[in-house]
Amino acid sequence: EGEIQSIFLHYAGGGAAAAHKEDAAAHADRMLVSGFVKFFKETPNVLGREMTVSDLEIMFTKYKTQGEKHLSYVQFALALDMVNATLFEDVTKYENAHGKRARMLKLINEHVFKARWAKPYIKALSERTDVYVARKAAWIQSVIRGFFGRVEYRIRLEIHRTELATQRRLASAIRLQCAARKYFARCVVVTLAKKILVKYIEPASGEPYWSNPRTRRVVWTKPTLFGSSDIDIPTVLPHKGTEYLISCVNCLTNTAQSICYECDDVFCNSCFSALHTKGNRKKHTQNPIPHCVVCHYQMASRVCGTCTAQKRFTFMTCDVCHKNVHADVKRPHKWTWLTMPCVECHEYAARWRCLDCNDLYCTECFSHVHSRGAKVHHEYEKLNYYTHTLHEHFMRDAREEARRKRDDEKLAQLRSSAPAVQHDKALVLQRMYRGMLGRIEGKLYLKQERHKIRNAWKLRQKENLKRRRYVYQLRNMFGYAKMLESDLLEEQVLQRVPIWKRPRARYFIQQNLADEAHFAHLERDVKKTPRAHFRIGTVEQLIEQARYGGVRLPGLISIEEGSREVHTTLDLSSLVKKGDRVRIKHWCFFVNGDGTDLVLGKETVPLARVWRLDNVKDEPMFLMPPSGLMIHLGRIFYYGFLNAQVAQLFIGGRIAFHSSCKDISNVLAKALRKIGNRKAANYLKGRSKKHEKWARRIKYGTGEYIKNAGVKAKENVEEISVEAMQAKKDDAKNNAYLDQEEVGKSKWEEKYDEERCKTYWVHVDTGEVVFEKPAKELDEMTQAEKDVIAAKKRIAQRKAVQGKKTVGGRKKKT
Ligand SMILES: [Zn+2]
Ligand SMILES: [Zn+2]
Ligand SMILES: [Zn+2]
Ligand SMILES: [Zn+2]
Ligand SMILES: [Zn+2]
Ligand SMILES: [Zn+2]
């Protein structure tokens, strides 16, 4: 840039200097056209075919300012670019430069600097370049040195840190080793201490204490040496509940030392020898009681096989020591009981036997089990050194005792049951005897029956001849056949109705059932099936049923003349309902109590019509099949007719007629009786009674009577009053004597002697005792009694008089 500027100055000033020296100073920085052309003329290889002087001048004019004759540096540079563009049209790249700059460099390097005049500019350029390169090199050196310096610093820092960390780790390791060694040392010491020191549990308070058997020192607080750990298994000392010490049963002071299985007791040695000196006892064997090998003061209750094998002596221990010794064994030892264990805990030897539970307990379990409830009152006994042998002896005794008791009971039972057994045996004998008699009787009976059957058969055969007769058969067809002796029951009944009615009659009769078949509450003979069909009712009743039909209802009925209410012996309300048709004798009625007080109840069945005939008592009633169309129509007509006013008038007329007939007959009868014609009078009296009856019966058909027939209230009032009157009469009769007289109280008091089972009488005033009933005094008697006595007296007198007479008569004879 600088070089181009200086070249520009060279050619700007140089051109003008030659012509006008004065203007040179003024136009030093302006380039005229001559200078511009000169520059390119002096530059080699520029002007040629492509670029001519005229082209240069055109370019000059193009870039110069209007009205000026010269170019400024800026305009020169632009013109130069234009020239470059024309000269090196296809150059785009030249020594790291592009575009315009490349073309400019090419012009300067290859053309301008080849000119001779350009030497001082080349020199100036190279100097400037050297200075520039030196400055850049210094800069690069400083940058490189800085980089390497930093790298080295970083490496040094790293090395320093690593050293520090190593030192720290070493220190920590030393500290850890220290601690570990301390810990292990303490462990060893604690283990040693645990082996030597013993921790006891004070039995009374349960407080622990530690003891050193070597120094005999005891502390009540845990040695600080142990820290948080302790002796794992404390040694438990026996207390009141677990202590196992047994004293001699004889002296009660010494500890028991031996056991005698013959006496089943424990003794101290001195007592044993003292008691077993004479007689049979001399033969008794002395069995020593083992003591605990650990504590040496309690009785041994177990023997451990494993420990015995390990220690080479019989290892017998008490319960407490056994637990202490075997608290830390890894594999359970094999041990056995020397004594009977407690049934509750199986941990301690049995000390007590409960006689009510019949069980063995240690002291603690016994008091625990028997602390409340009914068990508080259980009886118990203290046990000695209770071995299995002793227990066996006890069980043997108990068994024997139980057997004895059982035998006694059996004997007593046998004794008490003797009369019952005798009774049973007697019954058996009676049964046998009666059976024998019954069999004889039965044979006779069977024989008789067979005879009867045979006779019946013979009779039947005989009478069959009669049956075969045409007359008989014709009569039989219409139901008029003569009843023969050999007729069966069914024949007796059915042959009384025409042949076409028989199936219907049989159909009805076959529905007959006994009362107990209808009602479950009635008594039933379990040995017999209830009667049915033809076996219900008498032959007459069956014949009637065959004639008029209907199913027989259970029980019997009764109905009064003029009533609508049937009284039944059994509850028919489940069998009969309103609207059903029932038959009494040969009259059919509908069951209906409408418009009356009558209801279908447990004992009554209301009828739609009034019963007009005589009173009926204990007759069967029959349930008829539902009424057909004809019966319905007939009923409608009948009631229509009956309720019509004309019919009622007619009925009224008939009643009036019969009553007047009655009156006339009565009057006539009276008149005839007066004359003396008693026969005719009686006849007329009978007629009048008949007329009265007819009048009464016709009255039942009147509308008024039908309405009132079922209203009970009126009748009931009357009944009640009649009954009351009767009752009054009866009372009066009964109390006739009692009410009339005041009878004085007897002075003899009746008493009963329970010892002698005798009645005796004591006098109230005198206290006299009599064993026969004293005679009543006069003021105690009623009038009737007095009368009776008087009458008796009279009779006695008369008898006496008669006796005298007879005696006198005889005397007369003699
Ligand atoms: Zn003793
Ligand atoms: Zn003995
Ligand atoms: Zn012990
Ligand atoms: Zn053991
Ligand atoms: Zn127990
Ligand atoms: Zn008990």
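Buried means under 20% relative accessible area. Keep that cut-off in mind as you work through these exercises on a predicted model.

**Exercise 1.** Decide whether N512 is buried or exposed, and find what surrounds N512.

*Solution.* 
- Start with the place: N512 sits in the loop between α15 (502-509) and α16 (515-518).
- Now apply the cut-off: N512 has 0% relative accessibility, so this residue counts as buried.
- Next, look for neighbours. Leaving aside residues up to four places away in sequence, N512 touches A532, H533, I536, L542, Q545, V551 and R552.
- Finally, pick out Q545: its side chain and that of N512 are joined by a polar contact of 2.8 Å.

**Exercise 2.** Work out which arrangement the donor atoms form around the zinc ion (ligand 2).

*Solution.* 
- List the protein donors: C260 (SG), C263 (SG), H276 (NE2) and H284 (ND1), at 2.0 to 2.2 Å from the zinc ion (ligand 2).
- Check the angles: the four donor atoms subtend 100 to 118°, so the arrangement is tetrahedral.
- Read the spacing along the sequence: C-x2-C-x12-H-x7-H.

**Exercise 3.** Name the edge strands of the open sheet of four strands.

*Solution.* 
- Write down the order, β7-β6-β5-β8, with mixed pairing.
- The edge strands are β7 (217-219) and β8 (235-236), each pairing on one side only.
- Zoom in on β8: two bridges join it to β5 (residues 198-201), and the two run parallel. Here I201 stands opposite V236.

Note on methods. Residues are numbered from 1 along each chain as its sequence is written. Chains are lettered from A and ligands numbered from 1 in the order in which they are written. This is a predicted model: local features need pLDDT of at least 70, side-chain atom pairs count only at pLDDT 80 or more; totals for chains, interfaces and linings use all residues. Side-chain values use heavy atoms; hydrogens and water are left out. Buried means under 20% relative accessible area, exposed over 50%, partly exposed in between (1.4 Å probe, protein chains only). A polar contact is a pair of N or O atoms within 3.5 Å; within protein, one must be able to donate a hydrogen and the other to accept it, and residues adjacent in sequence count only if both atoms are side-chain atoms. Contact means heavy atoms within 4.5 Å. Two strands pair if DSSP finds at least two bridges between them. Donors are N, O and S atoms within 2.8 Å of the metal (3.2 Å for Na, K and Ca); water is not among the atoms, so sites may look incomplete. Four donors count as tetrahedral if all angles lie between 85 and 135 degrees; four count as square planar and six as octahedral if opposite donors are over 155 degrees apart and all others between 65 and 115; anything else is irregular.
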